[in-house]
Amino acid sequence: MKMLRYRVGALVSAPVGSRMVLALEEGPGDLGYGVEVDYLRGEIELVRSDRRLLASGTIATQIHTQCARCLEPVAFPMTFEFEEAFFLSPVDIPGETFYAVTDDGYLFLTAPLREHILLNTPLRVLCRPDCRGLCPECGQNLNEGECGCVREPDPRWAALAAFRLQGE
Ligand SMILES: [Zn+2]
Ligand SMILES: [Zn+2]
């Protein structure tokens, strides 16, 4: 993906209260730190405030991750609200991270978008709600078939099996 870099110099030199809309139609690409997206789409409105540009908008994306049970790759679509502030001049407060507009009037959105995506990604993404996961003995993907290992039955299924036995 090309850098998510947008020219906002006109807004920086505009009066407080001025607005600008960035239309995002990007991807596929790699945002770093393992965040790979098929696309990034949406609109971000920027408002010039006293010391910052205030950004807000709704972004749709689809990331690549892996199933928490079977570890197969999964494409996970999501829509999230993007809210961020970009200082007009760099600020230095120890221990805090701030985003700023570059001196030559550009906004870099890769890091803040990546942060929003990570915050909006569930800890456990599944390839499908009933994913059977991997065999704890041999590692076989049980969605693809039984492996033949003898496994301790899941107590939920054990109860069901007992019930079936009675009915026979
Ligand atoms: Zn799975
Ligand atoms: Zn097995």
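1. Which residue takes a positive phi in the hairpin of E5 and E6? Leucine 71 does, with phi near 65 degrees. That hairpin has 6 residues between its strands. Strands here are DSSP runs of E with at least two residues, while helices are H or I runs of at least four, both numbered from the N terminus.

2. Ground rules. This is a predicted model, in which local features need pLDDT of at least 70, side-chain atom pairs count only at pLDDT 80 or more, and totals for chains, interfaces and linings use all residues. Residues are numbered from 1 along each chain as its sequence is written, chains are lettered from A and ligands numbered from 1 in written order, and side-chain values use heavy atoms, with hydrogens and water left out.

3. Strand pairing. E5 (residues 52–66) runs antiparallel to E4 (residues 36–48), with 11 bridges joining them. Pairing requires at least two bridges found by DSSP. Leucine 40 has threonine 61 in E5 as its bridge partner. E4 and E5 form a hairpin, with 3 residues between them.

4. The next pair. E5 also runs antiparallel to E6 (residues 73–87), here through 15 bridges. Histidine 64 is partnered by alanine 75 in E6. In a regular strand, side chains alternate between the two faces of the sheet.

5. Zinc ion (ligand 1). Its protein donors are the SG atoms of Cys67, Cys70, Cys127 and Cys131, at 2.2 to 2.4 Å. Donors are N, O and S atoms within 2.8 Å of the metal (3.2 Å for Na, K and Ca); water is not among the atoms, so sites may look incomplete. The spacing along the chain is C-x2-C-x56-C-x3-C. Cysteine 70 sits in the loop between E5 and E6, and cysteine 131 in the loop between H2 (110–120) and H3 (155–167), so this pair ties together parts 61 residues apart in sequence.

6. Geometry at ligand 1. The 4 donor atoms of the zinc ion (ligand 1) make angles of 105 to 113 degrees, and the site is tetrahedral. For four donors, that label needs all angles between 85 and 135 degrees. Cysteine 70 is buried at 4% relative accessibility, and cysteine 131 is buried at 5%. Buried means under 20% relative accessible area, exposed over 50%, and partly exposed in between (1.4 Å probe, protein chains only).

7. Zinc ion (ligand 2). Cys135, Cys138, Cys147 and Cys149 coordinate this ion through SG at 2.2 to 2.3 Å. Their spacing is C-x2-C-x8-C-x1-C. The arrangement is tetrahedral because the 4 donor atoms subtend angles of 106 to 112 degrees. Cysteine 147 is partly exposed at 27% relative accessible area. Cysteine 149 is partly exposed, at 27%.

Note on methods
Four donors count as tetrahedral if all angles lie between 85 and 135 degrees; four count as square planar and six as octahedral if opposite donors are over 155 degrees apart and all others between 65 and 115; anything else is irregular.
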